[in-house]
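Reader: I would like to learn how to read a few features of a structure. Please give me the general idea each time, then the case at hand.

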Amino acid sequence: MNALNSLTQDDLGSAAQRERRKRILDATIDLASRGGFDAVQMRGVAEQADVALGTLYRYFPSKIHLLVSALGREFENAQGQRAGKPIPGDTAAERVNFVLGRTTRILQKDPHLTEALTRAFMFADASVSAEIHHVGMMLTGMLTDAMGTRQGADEPTSEEVAIARVLGDVWLSSLVGWVTGRTSAEDVEKSMAVAIRLLVR
């Protein structure tokens, strides 16, 4: 494993290590919810999570690694909450619109957290490629599940994956506009409705 990557759940062999990682991400999300990107400092996260600063850096090499990993966990939680439940909508476009709309509304309820996670995603470089890949896979999975009436029973087609990736890029770009104050929540909704109408059949 690349030393610059964060330690994932699969990398951790003991329950104590997994619990430590959970506490670190919980502390990160709490601090971000209270003050956004600037409120998340490695020393503050270590103190709140009750771990040594050196331990924190072994789990997450940088603040960006930490926040992008937190974004991935938020997507994991959202996907877990919907697991096994039918996605509302008679068409693929309606189901995709439901999934993105629901996720957007959840994020917009916590603007400080969304600002922190989105900024981290924007600032991420090649050293955070594994974490970015995980976030992308989670988002793509959410969207391809919504596209197919099979709801994840079969593998998505290559076209569905490609469409999901484009939609994910448009959605993240719209969120960047929202957290930076350039666009409104209504603008995000309109942008996604147009993208879904053009791409999802």
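## Salt bridges and the nonpolar core

Author: Start with arginine 119, which counts as partly exposed at 23% relative accessibility. Keep in mind that this is a predicted model.

Reader: Which residue forms a salt bridge with arginine 119?

Author: Glutamate 115 does, and the closest N and O atoms are 2.8 Å apart. Glutamate 115 is buried, with a relative accessible area of 18%, because buried means under 20%.

Reader: How many residues apart are glutamate 115 and arginine 119 in helix α6?

Author: They are four residues apart in helix α6, which spans residues 111–123, so about one helical turn separates glutamate 115 from arginine 119.

Reader: How many salt bridges does a search of the whole structure find?

Author: The search finds five. One of them joins the side chains of arginine 34 and aspartate 30, at 2.7 Å from N to O.

Reader: In which helix do arginine 34 and aspartate 30 lie?

Author: Both are in helix α1, four residues apart, or about one turn of the helix.

Reader: Is arginine 34 buried or exposed?

Author: Arginine 34 counts as exposed, at 54% relative accessibility. Aspartate 30 counts as partly exposed, at 30%.

Reader: Which residue forms a salt bridge with aspartate 26?

Author: Lysine 22 does, with 2.8 Å between the closest N and O atoms. Aspartate 26 is partly exposed, with a relative accessible area of 30%, and lysine 22 counts as partly exposed at 41%.

Reader: Which residues are linked with Asp26 in a network of salt bridges?

Author: Lys22 and Arg73 are linked with Asp26 in that network.

Reader: Now the nonpolar side chains. What do they tend to do in soluble globular proteins?

Author: In such proteins, nonpolar side chains tend to be buried together. In this structure, the largest nonpolar core has 51 residues.

Reader: Which residues of the largest nonpolar core touch the most other members?

Author: They are Ile24, Val96, Leu143, Leu167 and Trp171.

Reader: Take Leu167 from that list. Which residues does leucine 167 touch, not counting residues up to four places away in sequence?

Author: Leucine 167 touches Val96, Leu143, Met147 and Met192, along with Ala195, Ile196, Leu199 and Val200. Val96 and Leu143 are also among the core residues that touch the most other members.

How values were computed:
Residues are numbered from 1 along each chain as its sequence is written. This is a predicted model: local features need pLDDT of at least 70, side-chain atom pairs count only at pLDDT 80 or more; totals for chains, interfaces and linings use all residues. Side-chain values use heavy atoms; hydrogens and water are left out. A nonpolar core is a set of buried Ala, Val, Leu, Ile, Met, Phe, Trp, Tyr and Cys residues joined through side-chain atoms within 4.5 Å. Buried means under 20% relative accessible area, exposed over 50%, partly exposed in between (1.4 Å probe, protein chains only). Contact means heavy atoms within 4.5 Å. A salt bridge is a side-chain nitrogen of Lys or Arg within 4 Å of a carboxyl oxygen of Asp or Glu. Helices (H or I, at least four residues) and strands (E, at least two) are DSSP runs, numbered from the N terminus.
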